[in-house]
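Please read them with the structure open beside you.

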Amino acid sequence: MQNIDNQKLPRHIAIIMDGNGRWAEKHSLGRISGHKRGAKSVKLVVRACREMGIKYLTLYALSIENLLRPQEEVGALMDLLGKYLRSELQEMLDHDIRLITIGNIEAFKEPVKNTLKEAVEKTAHNKGMVLNLALSYGGRDEIIEAVKGILEDSLYGKITRKDMTKELFSRYLYTADIPDPDLLIRTSGEYRLSNFLLWQTAYTEFYFTDVLWPDFRRKHLIDAIADFQRRERRFGLTSDQLQRDGSDIG
Ligand code: FPP
């Protein structure tokens, strides 16, 4: 395992948790068993991030497209989410974790929708770490929703053409209140963004690993953070410029 510098931690880590199905196949199990093991990784990784002092963790738990999978699999994912929330709510309250969600959870059925809303409300005042679950989420849908919000506000004269900046646009996204991710991890050897945080990852560092999500543990997270810490984030500038200005943009 590698050493990490606690002074240079990524403020926001986003994870595309991929490979549950392949993990299950590798172990001659059904896909749902893969998701169950994936939920265990979620618990361990949330705990590891909290203990390390990561301030924001966004997990891609369910894309809009995932909802089109066979009903049995979608139902099992919903059950797992409900179970996870019920079993982890106390841990979130005990450790000052705030749960938020991005995506269209209105599409969810009861009782999971209610469990989710309750967990969000009960943890709303926590300040130690933000756990952000992307649920029924799609990056392009998020951008379209932002555009609709902007058109509506301009119709009522709340904003005009000259107000439009990158910062204002960001205020219309689901992620309005959280910083962009510094580090994005994707497991399972796939090299795609899969409609995840399309706007927010403009300057994010990407880290890909072959490890399947159900096998992902604290040591893999540390490897990803160590790799991130070896990189120089230039945000389009030159290395010289960064050193001259002593900039610490990210
Ligand atoms: C990708 O694996 C994973 C998902 C579609 C769902 C992620 C869900 C969990 C990790 C468990 C439940 C979540 C919470 C928050 C408790 P895949 O099925 O696409 O894997 P494959 O590409 O190998 O088929």
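1. Lys-109 is found in the loop between E3 and H4, where helices (H or I, at least four residues) and strands (E, at least two) are DSSP runs numbered from the N terminus. With a relative accessible area of 65%, Lys-109 is exposed; here buried means under 20% relative accessible area, exposed over 50%, and partly exposed in between, with a 1.4 Å probe and protein chains only. Between the C-alpha atoms of Lys-109 and Lys-148, which are 39 residues apart along the chain, the separation is 25 Å.

2. A word on the basis of these notes: this is a predicted model, in which local features need pLDDT of at least 70 and side-chain atom pairs count only at pLDDT 80 or more, while totals for chains, interfaces and linings use all residues. Residues are numbered from 1 along each chain as its sequence is written, and side-chain values use heavy atoms, with hydrogens and water left out.

3. In the loop that holds Lys-109, between strand E3 (97-102) and helix H4 (112-122), lies Pro-111 as well. The peptide bond that joins Glu-110 and Pro-111 is cis, with an omega of about 5°, and this bond deserves a look in the viewer.

4. As for the overall fold, the chain has eight helices and six strands, and along the sequence they follow the pattern β-α-α-β-α-β-α-β-α-α-β-β-α-α. Taken along the principal axes, the C-alpha atoms fill a box of roughly 55 × 50 × 35 Å.

5. Of the 250 residues in the chain, 46% are buried. Among contacts (heavy atoms within 4.5 Å) with a separation of 6 or more, 75% come from residues 24 or more positions apart.

6. The chain exposes about 13,700 Å², of which carbon and sulfur atoms supply 49%; these areas come from the Shrake-Rupley method with a 1.4 Å probe, and for residues only the protein chains shown count as cover. The mean positions of the 38 positive and 36 negative charges lie 2 Å apart, where Lys and Arg count as positive and Asp and Glu as negative, without His and the chain ends, and each charge is placed at NZ of Lys, CZ of Arg, CG of Asp or CD of Glu.

7. Helix H2 (residues 31-52) has 22 residues and should span 32 Å at 1.5 Å a residue, which agrees with the 31 Å between its end C-alpha atoms; the expected span is 1.5 Å times one less than the number of residues. Buried residues of H2 include Gly-34, His-35, Gly-38 and Ala-39, and just after the helix Gly-53 takes a positive phi of about 95°.

8. Which residues does Ser-41 touch, not counting residues up to four places away in sequence? Ser-41, in helix H2, is buried with a relative accessible area of 0%, and Ser-41 touches Trp-213, Pro-214, Asp-215, Phe-216 and Arg-217.

9. In the loop between strand E5 (183-186) and strand E6 (205-208) is Ser-188, which has a positive phi of about 80° although it is not a glycine, and which counts as buried at 8% relative accessibility. Leu-197, in the loop between E5 and E6, is not a glycine and has a positive phi of about 45°; Leu-197 is buried, with a relative accessible area of 2%.
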